[in-house]
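My notes follow in the order I looked things up.

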Amino acid sequence: MNSRRDFLQKITASAIAFSVFPRYGLAENPELYDGPVLRVAIMGLGSYGSRVAEAMQFCKKAKLVGLISGTPSKVKDWQQKYNIPEKNCYNYENFDKIKDNPDIDAVYVITPNALHRPQVIRVAQAGKHAICEKPMAVNAKEAQEMIDACKKANVKLLVGYRMHFEPHTLEVIRMRKAGELGKILFFQGLCGFKIGDPTQWRLNKQLAGGGSLMDIGIYALNGARYMVGEDPIWVTAEETKTDHVKFKEGVDETIQFQLGFPSGAVASCLSTYNMNNLDKFFLNGEKGFAELQPSTGYGPIKGRTNKGELNQPVVVHQTLQMEEMSAIILEGKQPVVPVNGEEALKDLKVMDAIYEAAKTGKRIPLVL
Ligand code: NDP
């Protein structure tokens, strides 16, 4: 804790943790907890890595104990802030040595998308569990290679699908499973934001693997699957590009895609790097509807159904995610919606098909 402001922030977050988390198995009193703790190293000390590290301070089942980074100045700052010993700090050249470090259980890879595959494979080969940010890879072939490497090394592979633990999201899933919405007919997912700096890695195909679909449209696609509760059997898609300088070949600006499900339900989704205020899910069934808006931002998530407002607790997504991932890895807990490599592979198969559909104008059949 560096300042009074940090102190106050910590107190506020603790208050939220104490009031909200017990229902979700989180820290009632972290100091008294003596169960299993997942000791995590974060790879990639960027914007999202920073958010995860902050949130992990309030976990009881997970602890930040190591760093992997290409920027020595960040390592120094983080070491001080999170009290990380020198022996748990690595760079991208030497992190294979983590296999000789018994004090680290898992590595959370939070680097640009195209780096996930080689980095996760090296983490697996070092005998550590891998948690990887979304998109897990930049295509289905790479995703399969990552799954195979983790299986071979006998380590777990989880993906940072934080919405799979979010209480409003889980309540809609519960209602759908309980039949309260009736037969599901339609899902709409709108995900996007207006992207800034044209030089960032998100607009570089080599590092991003694509454009808005890889980064933000994946929420609509993944959401379609967990909201409808089925895997799609076909996809159609259309791409629109208004700025060919900023969004070069292979970096999609806006994609609309449609999914068809075995039950006959359909989904209509929009993924874009060119519109703000776009964060909405709508699920329609024969007996009712559910709407989340915002649906996938950092929160608070808000929702309503035909029965009224959803009043689930507001949580820090990354704290809850890391608590649950610790339980999945160390205690064999089964999440309501999977967060493993196979779940991510399905998304990547659909994304491959969306790109193909947008390119060819054809409806692409899917077998997930
Ligand atoms: P940032 O650019 O903020 O951070 C990425 C970090 O990766 C860098 O700071 C750097 O850390 C490291 N890095 C290693 N190699 C490179 C390279 N060649 N170019 C740039 N950075 C490099 O990105 P984000 O944190 O926003 O995104 C990282 C990942 O997290 C992405 O896969 C993204 O999709 C995902 N994400 C997930 C979110 C979620 O809600 N689940 C939200 C935001 C992002 P260092 O200097 O320490 O090496």
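Which order do the six strands of the open sheet have? I read E3-E2-E1-E4-E5-E6, with parallel pairing. I keep in mind that this is a predicted model.

Next I checked the edges. Strand E3 (89-90) and strand E6 (157-159) stand there, each with a single partner strand. One side of each is therefore left without a neighbour in the sheet.

I then followed E3 to its partner. Strand E2 (residues 62-68) runs parallel to E3, and two bridges join them. Leu 67 stands opposite Cys 89 in E3. I noted the general rule too: strands of a sheet pair through backbone hydrogen bonds, either parallel or antiparallel.

I turned to the ligand. There are 26 residues around the ligand, and Ser 69, Thr 71, Lys 74, Tyr 92 and Arg 162 come nearest. A backbone N or O atom of Ser 47 sits 2.8 Å from a ligand oxygen. For Gly 70, a backbone N or O atom is also 2.8 Å from an oxygen atom of the ligand. Asn 113 uses its side chain: an N or O atom there is 2.7 Å from a ligand oxygen. Taken alone, the ligand exposes 890 Å², and the protein buries 81% of that.

Last, I picked Ala 267, in strand E10 (residues 266-272). Is Ala 267 buried or exposed? I found Ala 267 buried, because its relative accessible area is 2%, under the 20% cut-off. Among the residues Ala 267 touches are Phe 187, Ala 224 and Phe 257. Gln 144 is 123 residues from Ala 267 in sequence and 26 Å away in space, C-alpha to C-alpha.

Terms used
Residues numbered from 1 in each chain as written. Predicted model: local features only at pLDDT ≥ 70, side-chain atom pairs only at ≥ 80, totals over all residues. Heavy atoms only, no water. Helix = DSSP H or I, 4+ residues; strand = E, 2+ residues; numbered from the N terminus. Buried < 20%, exposed > 50% of the residue type's maximum accessible area, 1.4 Å probe, protein only. Contact = heavy atoms within 4.5 Å. Pairing = 2+ DSSP bridges. Near = heavy atom within 4 Å. Polar contact = N/O pair within 3.5 Å; in protein donor to acceptor, adjacent residues only side chain to side chain. Areas by Shrake-Rupley, 256 points an atom, 1.4 Å probe, with all protein chains shown as cover. Lists of a residue's contacts leave out its neighbours within four places in sequence.
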